[in-house]
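Me: I'd like to go through this one by asking what the labels really rest on. Could you show me the structure, and then I'll start asking?

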Amino acid sequence: MINISDIRKQFPSLNISYNDNKIIYLDGPAGTQVPQHVIDGVSDYYKNSNANVHGEFITSKETDKILDSTRTKAASLLGAENESCISIGQNMTSLCFSLAHAFSKAFSAGDEVIITELDHEANRGPWKILEDVGVIIKEVNLLDDGTLDYEDFENKITNKTVLVAMGMSSNAIGTLNDFKRVKNFIKNKKCYFLLDAVHYAPHFSIDVKEFGCDFLLCSAYKFYGPHIGILYSKPLLLDKLDTDNLIVQNQNSPYKIETGTLNHAACNGLSKAIDFISTLGEGNTYRDKLVDAYKKLGEHEYKLASLLYKELNKMEKITVIGQDFSNKKRTPTVSFTHKHKTPNEVCKILARNNICAWAGHFYALKAIQKLKLEKIGGVTRLGICVYNTEKEIRKTIDLISKI
């Protein structure tokens with residue numbers, strides 16, 4: 001088990017109080033709080049290593065080491081073959097647009113790309129630019145229970161399919177998608193398989209080799225790090241794509257999709273964020289510690305999220321959206337609607353009581369529209385992270401019961 005009290009001491013923001021009450025952060029799906037170790041990593045970079053890369057002087061060489069180390073640690077986090085598979089960008093959305101531009105030069109009119117109605121727009125919108133070159137975009141249906149229609153998914157895959165782009169889990173309603181089943185659908189097809197792990201990476205261990213994906217994207221600020229995006233590409237796969245870059249850029253993986261100077265301080269923060277997760281686990285190797293850490297933090301988050309779901313589901317005026325927690329096929333994200341209040345009105349009440357929550361569609365607009373929730377303002381979303389406590393969840397449950 002993990003020691004939540006010790007973990008909380010590492011997050012300075014958890015000590016912030018208003019009206020003598022500490023803030024309860026249930027806004028994690030939009031971005032987690034950051035431990036002191038990560039804050040120090042960003043600050044220390046500017047204090048001790050601030051320089052551009054590939055110079056002959058000491059601070060430049062130190063920056064080179066930091067970037068190399070960051071890629072190595074990110075490769076361990078994702079189970080990647082090596083650090084050359086890890087590209088870094090401003091955020092997941094920017095990296096996805098960069099991939100889409102590259103694919104627009106590789107795909108032809110009549111080729112088919114599959115996306116889903118459940119996904120965040122960052123894994124929908126970029127692919128739609130491929131329509132400009134005649135690519136056909138197919139969307140997998142979202143069912144009323146908040147899960148994907150896998151029969152429809154399989155039926156939409158044809159010999160013309162060149163890319164399947166799907167989220168691993170829903171940031172809006174917590175659905176955990178069966179991406180391994182989808183991989184099986186395309187095992188005999190010559191198409192790329194891309195996974196959006198932004199809402200998955202904070203809660204579950206990732207093994208890209210086991211998943212069999214060609215590309216995977218995630219964002220560090222969802223798992224206790226700074227605002228920075230990560231792209232995994234299979235070895236040498238990026239080299240085959242004509243990415244947008246300057247002629248002076250390194251034209252090999254993983255650099256050829258990276259435009260301009262990277263945020264070096266944020267890279268050091270990412271490195272420290274992965275270190276933080278590793279300290280929660282045990283094992284002989286860095287990778288072993290990360291895998292064990294996710295097992296432990298997952299058990300903690302599941303316990304709190306299932307309690308939250310169970311108690312909210314008992315309330316006559318509350319409708320919880322999506323699947324239950326009986327089979328653990330959920331992320332620790334619980335979204336709901338109130339019979340008499342809009343999602344934003346609920347959030348305002350929670351905010352007055354120092355509870356951070358979000359309302360709306362969270363950029364998963366298509367899913368909220370398909371579930372007929374857009375007209376009422378979407379849903380109220382509560383997300384559990386490693387630093388949340390049972391006391392916080394019970395306080396939140398008690399307050400919602402009184403709204």
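Me: Which residues lie nearest the centre of the second largest pocket?

Reply: In this predicted model, Val53, His54, Gln249, Tyr255 and Glu258 lie nearest the centre, out of 19 residues that line the second largest pocket. The space in there comes to about 430 Å³, and α3 gives the most to the lining, with four residues.

Me: What makes up that lining, by class?

Reply: The lining of the second largest pocket has six nonpolar, nine polar and four charged residues.

Me: Which residues make the contact between the two helices?

Reply: From α3 it's Lys73, Ser76, Leu77 and Leu78, and from α10 it's Tyr286, Arg287, Leu290 and Tyr294. By class, that's five nonpolar, one polar and two charged residues. Lys73 and Arg287 are the charged ones, because Lys and Arg count as charged.

Me: And what about the largest pocket: how many residues line it?

Reply: The lining has 28 residues, with His120, Asn171, Lys222, Phe362 and Tyr363 nearest the centre. The largest pocket holds about 540 Å³ of space, and β14 supplies the largest share of its lining, three residues.

Note on methods: Residues numbered from 1 in each chain as written. Predicted model: local features only at pLDDT ≥ 70, side-chain atom pairs only at ≥ 80, totals over all residues. Heavy atoms only, no water. Contact = heavy atoms within 4.5 Å. 1 Å grid on protein atoms, 1.4 Å probe; cavity = no way out; pocket = protein on both sides within 12 Å on 5 of 7 lines; lining within 4 Å. Points joined across faces, edges and corners; volume = space filled by probe spheres on them.
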